[in-house]
Amino acid sequence: MNNVKNSEAVRINAGKDMREKLLLEDRCNFETNVTAFNLDENAISWHSILHFMINVSQSCSEMLHLCQWHGNVTDCEKIFNPTMTDEGICCNFNSVHRKYLLYNPRDWPDLNITFPYNSIDWNPETGYDENVAADSIPWRPYGAGQFYGLTLVLDADIPEYYCSSTASVGFKMLLHNPVETPKIAEFAFTVTPGEETRVIVAPRLSTASKSIISVPQRKRKCFFTSERKLRYYRTYTQRNCVLECEANFTQKICHCVQYYMPKSSNTPICEKKDDACATDARRAMELKLYDDDSGITSINVSETPSCNCYPGCFEINYNVEISQSKLVPNFNIAGNYIKKSKKYFTENMAVVHLFFVDSQFTKYVKNELFGFTEFLSSTGGLLGLFMGFSFLSLVEIVYFLLLRICYRIYKNNQIPRNTVQVHPLDQSQNVVYPFVQ
């Protein structure tokens with residue numbers, strides 16, 4: 001959470017570089033009369049901001065004292081890479097390579113981003129190919145439990161705090177999809193120095209049946225990767241869409257973007273004086289996340305882009321359970337955990353264990369709730385309920401009528417006809433014979 005190291009702040013305040021003093025005030029959100037510095041409008045470029053943040057921030061090598069992955073102690077610089085977020089420079093684990101994250105990503109040589117292990121073009125919809133090596137990034141754990149998880153020993157270095165992103169000291173941590181840019185300020189949880197933290201992870205896997213691709217998007221309220229293309233991100237997720245849409249709104253309304261947002265090479269970076277405008281742009285964006293046409297009084301909505309950020313049909317999110325306990329200096333602590341002294345360790349450092357709680361998880365599948373088969377079944381059921389009618393009843397009626405008619409015809413052919421005998425009338429005897437059956 002330390003935005004600026006104290007040693008760097010002392011050096012800047014003692015110097016005469018007005019540009020660095022302005023950036024220091026901006027980084028710590030101190031109230032400053034910006035015009036008093038009388039700086040040229042173009043004196044502070046994005047490269048200057050990035051270089052300043054690298055110099056004043058705690059580096060990943062300083063923060064990460066020990067890393068243990070799959071039960072083996074691993075060089076932290078090989079599995080963590082610095083990345084730019086809304087909280088400044090953070091250390092990212094198990095994210096895909098930038099060339100698989102963004103279209104035409106900008107090179108940041110100053111950040112020293114390295115990927116010593118093989119990184120693949122992965123996304124939640126396609127997943128892993130059968131021929132992919134087991135040690136390809138994004139990595140998969142070998143099983144559940146702390147041994148197969150990630151253990152970190154973090155150094156807060158509290159004496160070096162000058163200004164914090166919150167009112168406390170410690171770390172912010174966020175579990176996110178490997179193809180997303182983390183947004184720490186909004187969704188991160190905190191880790192306190194002087195404590196051992198266990199982070200139990202339960203992934204939430206959302207998938208969809210291919211049959212629902214024929215259902216209109218406004219009804220199913222999710223996007224397949226092939227349906228929704230983003231301008232900067234290669235893979236569509238709801239959080240990528242929201243961040244990109246916020247950047248579009250900010251650029252449209254304020255003619256600049258925040259330093260952590262995706263952007264083109266010629267897009268200017270917003271300054272301290274643009275904070276109010278950026279806040280208005282974000283509020284306008286939130287009202288347009290799902291093509292909501294509700295009115296916005298302070299901004300002309302017709303001139304702003306539309307977000308339409310429904311969730312992805314294939315997405316991975318993570319639910320976490322956190323438990324913490326105090327570190328005690330008189331305990332027998334592993335020697336590779338301790339830095340400087342036990343007292344320094346229990347006051348400034350945090351031990352974090354991240355691991356999956358189960359080896360298998362429930363997958364949630366989006367599918368048609370009411371298809372043709374369900375419609376046919378429901379129609380027959382309603383007719384049977386309200387009319388006492390079924391298709392079997394119809395067959396029985398037809399069968400009964402046909403059988404009855406056939407039976408009548410058959411009986412009529414089998415019954416002998418009635419006969420009448422009439423003898424010739426004997427005129428001489430005047431005798432009349434009666435009818436005989």
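The following dialogue explains how to read selected features of a predicted model.

Biologist: Which conventions apply to this model?

Modeller: Residues are numbered from 1 along each chain as its sequence is written. The model is predicted, so to speak of local features requires pLDDT of at least 70 and side-chain atom pairs count only at pLDDT 80 or more, while totals for chains, interfaces and linings use all residues; side-chain values use heavy atoms, with hydrogens and water left out.

Biologist: How many aromatic pairs does a search of the whole structure find?

Modeller: Rings of Phe, Tyr and Trp (its six-membered ring) pair if their centres lie within 6.5 Å; planes under 30 degrees apart are stacked, over 60 edge-to-face, and the rest tilted. The search finds twelve aromatic pairs. In one of them, the ring centres of F80 and F93 are 5.4 Å apart and the planes stand at 40°, so this pair is tilted. Because F80 belongs to strand 4 (residues 80–85) and F93 to strand 5 (residues 88–93), the pair ties together parts that are 13 residues apart in sequence. Helices (H or I, at least four residues) and strands (E, at least two) are DSSP runs, numbered from the N terminus. F80 and F93 also belong to one aromatic cluster with W69, Y117 and W139.

Biologist: Which other aromatic pair is tilted?

Modeller: F224 and F314 form a tilted pair, with 6.1 Å centre to centre and 55° between the planes. F224 lies in the loop between helix 8 (217–220) and helix 9 (238–254), and F314 in the loop between helix 10 (275–287) and strand 11 (315–326), so the pair ties together parts that are 90 residues apart in sequence. Both F224 and F314 are buried.

Biologist: Are the residues of strand 4 buried or exposed?

Modeller: Buried means under 20% relative accessible area, exposed over 50%, and partly exposed in between (1.4 Å probe, protein chains only). Six of the six residues of strand 4 are buried, so the strand is largely enclosed by the rest of the structure. F80, P82 and M84 are buried on one side, and N81, T83 and T85 on the other.

Biologist: In which sense do strand 4 and strand 5 pair?

Modeller: Two strands pair if DSSP finds at least two bridges between them. Strand 4 and strand 5 pair in the antiparallel sense over six bridges, and they form a hairpin with two residues between them. Within this pairing, N81 stands opposite N92.

Biologist: Which residues of helix 10 are buried?

Modeller: They are A278, A281, A284 and M285. The arc is that of the directions from the helix axis to the C-beta atoms. Seen down the axis of helix 10, the buried residues fall within an arc of 120°, so they line one face of the helix. The face turned away from that buried side carries the exposed residues A276 and R283.

Biologist: Where does the backbone call for attention?

Modeller: Most residues other than glycine have a negative phi, and most peptide bonds are trans. A cis peptide bond joins I137 and P138, with omega about 5°. P138 lies in the loop between helix 6 (98–101) and strand 6 (150–155). D157, which is not a glycine, has a positive phi of about 50°, and D157 is found in the loop between strand 6 and strand 7 (161–164). N308 also has a positive phi, near 55°. N308 is buried, with a relative accessible area of 18%.
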